[in-house]
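Hi,

Here is the structure I said I'd pass on.

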Amino acid sequence: MSEHSLKNMMEKPERLTPGHRMCAGCGATVAVRAVLRALKEEDHAVIGNATGCLEVSSFMYPYSAWKDSYIHNTFENAGATLSGVETAYRVLKRKGRLGEKDSYKFITFGGDGGTYDIGFQSLSGAMERGHDMVYVCYDNGAYMNTGIQRSSATPMFADTTTTPVGKDSDGKVQCRKDLASILASHNIPYVAQTTFTQDFKDIHRKAERAIYTEGPAFLNIMAPCPRGWRYDMSDLMEICRLAVETCYWPLFEVRNGKWSLSYEPKKKLPIEDFLRPQGRFKHMFKPGNEYLIEQFQKVVDERWENLQFLCSKM
Amino acid sequence: MSAKRIKERMSGNEAVAYAIRQVEPDVMPAFPITPSTEIPQMVSTFIANGQMNTDFIPVESEHSAMSAAIGSEAAGARTMTATSSVGLALMWEELLLAASNRLPIVLTLVNRTLSGPININCDHTDGMGARDTGWIQIYSENNQEAYDNYIQAFPIAEDPEVHLPVMICQDGFITSHAVENIELLEDAPVREFVGTYEPEEFLLNPGNPVSVGPYSVSNYAMEARKAQEDAMVRSKDVILKIGEKFGTLSGRSYGLFEEYKTEDADYIMVIMGSAAGTAKEAVDELREEGVKAGVLKLRVFRPFPEDEIAKALSGCKAAAIMDRCESYNGHGGPLAQEIPAGLFRNHVNIETVSYVYGLAGRDFRVEDVRGIFRDLQDLTENGKTIEQFRYVGLRSKQE
């Protein structure tokens, strides 16, 4: 792997061009560009995409922001669709209908709706079958494209349009599903969880490993949404930093079944630091609601402890 | 040039699996479902024994089968799948995508009723449920037709004037599992007939990337639908051309429908699939008794040959329109709607009676056909009133 430098990395030609219609301050396109930068320039790629903000904003007929071949099918089948493309590649190679040097990589993007929920079966099937592809979830913790409805990735107590905060409601009741560990249980060669750190080294390294490890790989990238989370759009990087420093969104990877932490905060920050700048958690800071923060903190602690245990075993 | 013919005995599923081996598509994603399960099983065995160079994707559902087929075909690989019944229903969303992305995927459908109640036997509810998805639909009477139609499916689907997916249908169990005589072709002439797949635009085309499956605003989406409809209309000539070409190869030509003793017929039964054989048997008996009966066996349901059917029926006194499917509209199944509409538009003023028969595997017998022709005679000759929509072979309340 080459020496990491953000400057060198940014000099690579962009494979997702400007001019798409995603919101300012959106994490999804940052995630896509970071992942695609890990592709070797000489490699071709076919990009898959579940229906969602990214798809409707980047490929609106007759314009496409994608420099590589790209396929969007429907909401719940990005895994299966790309598994078909990857199979076609192997057959065409074998039958000599693609040149020796024509190397393709297969990367599909889905939001948490298309990945954790409606596309979960299709993803699980594609991973279990062992297709040589990367599934990237840009996890913004709700169905943002349809207007901020809860998903199984939505954190507890978040105010969404289907878990609205009200007189009888503190927001979402359930905790978020731990998808990365479910994918790790598929015993695939590579699973990682990441987000945007200041030097983008973590996401770059993980994308590179995911793409260039043979077999199925899954990347879970926390990609904040300024509309759904209600933060100031210039604060994207700060929100990500706080998610990592509070251990709400730990950075880890699972390589061939071996769990390892990619980063351990020197001093774990209290969860309030992550929750406070976000409008979706505003009600948690009302006097008398301290117990909501306590409960949230408890879940974060338990999960962090469990992750440390999984990583220490190795 | 006519090819050598091989005499065999096979079930409909075996015949289609044999044709798949001969065509040797690049990719086949499939999920098992009765009564089409044997097809992916047989193909997997051919692959396991090194008898064909195809990749089988053992997907986790029919929705994923069609999703993977879309990915594979868009990537530039010739792709097919097989299913039945609720499997096709689960694919429904993806059927629309296959057609609207103009991907010439071939699906072999072994017709089975939809749930509920859950039942594994034949009717056409599955295929008819997908009638507005933009797929070409061709129905087969027996194992021979299932084999012949399957081979013709690829050149029809992949024709540059068409570029639409094709569904080849045969009746579950009745055709798929019953062993009958069949005449097969050798591998080489089949492969030559089908040719190589050379798409114009595809994902795995180095240096020429393409984006598939756009979001389309109202400014463009309607034109895309119209282009699909135009292709469906154009496909009729291609289906006829391929049907004729296949005749030169095999000695068996195919049209949009088959007319059996209709030329001078007073009474015609319009029917699809295996029950056409039963209808022909009854017609032979009736002809001996002096009744001028005939059968119009519909082969191509999409595109719907409305004018051709109207013309074929124009000389008779009454037609029985047979649906192996309900529409729950109070007036009969899909054929009972589309055929009279064609008659009306073509100013063909004959009597019609709509029948629903054979749902969920209910037997359809020669006596049933004779009874239906008796209805038509009673209506036109004997001055009796016959309900315009009837069920065939229902149990009485006492039974």
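**The sheet in chain B**

B:Glu258 sits opposite B:Lys297 of E12(B). Keep in mind that this is a predicted model. That pair belongs to a stretch where E10(B) and strand E12 (residues 293-298) of chain B run antiparallel, joined by four bridges. Both strands are part of an open, six-stranded sheet with mixed pairing, in the order E10-E12-E11-E14-E15-E16 (chain B). Strand E10 (257-260) and strand E16 (389-391) of chain B are at the edges with a single partner strand each, so one side of each has no neighbour in the sheet. On average, neighbouring strands are turned by 20° against each other, direction ignored.

Two helices lie across this part of chain B. Helix H12 (residues 366-380) of chain B lies across E11, E12, E14 and E15 of chain B, at about 150° to E15(B).

**Where the chains meet**

The contact involves 38 residues of chain A and 37 of chain B. On the chain B side, H3(B) gives the largest share, 10 residues. That side is made up of 22 nonpolar, 11 polar and four charged residues. There is strand pairing between the chains too: E9(B) runs parallel to strand E2 (residues 69-72) of chain A, with two bridges. B:Val212 is the bridge partner of A:Ile71 there.

**One helix in chain A**

Helix H10 (residues 236-245) of chain A has buried residues including A:Leu236, A:Ile239 and A:Leu242. The buried residues of H10(A) pack against H2, E8 and H11 of chain A. Just after H10(A), A:Cys247 has a positive phi of about 70°.

Cheers

Methods
Residues numbered from 1 in each chain as written. Chains lettered and ligands numbered in written order. Predicted model: local features only at pLDDT ≥ 70, side-chain atom pairs only at ≥ 80, totals over all residues. Contact = placed C-beta atoms within 7 Å. Nonpolar A, V, L, I, M, F, W, Y, C, P; charged D, E, K, R; others polar. Pairing = 2+ DSSP bridges. Buried ≥ 20, exposed ≤ 12 C-beta atoms within 10 Å, placed from the backbone. Axes fitted to C-alpha atoms, helices over the stretch in contact; angles between N-to-C directions.
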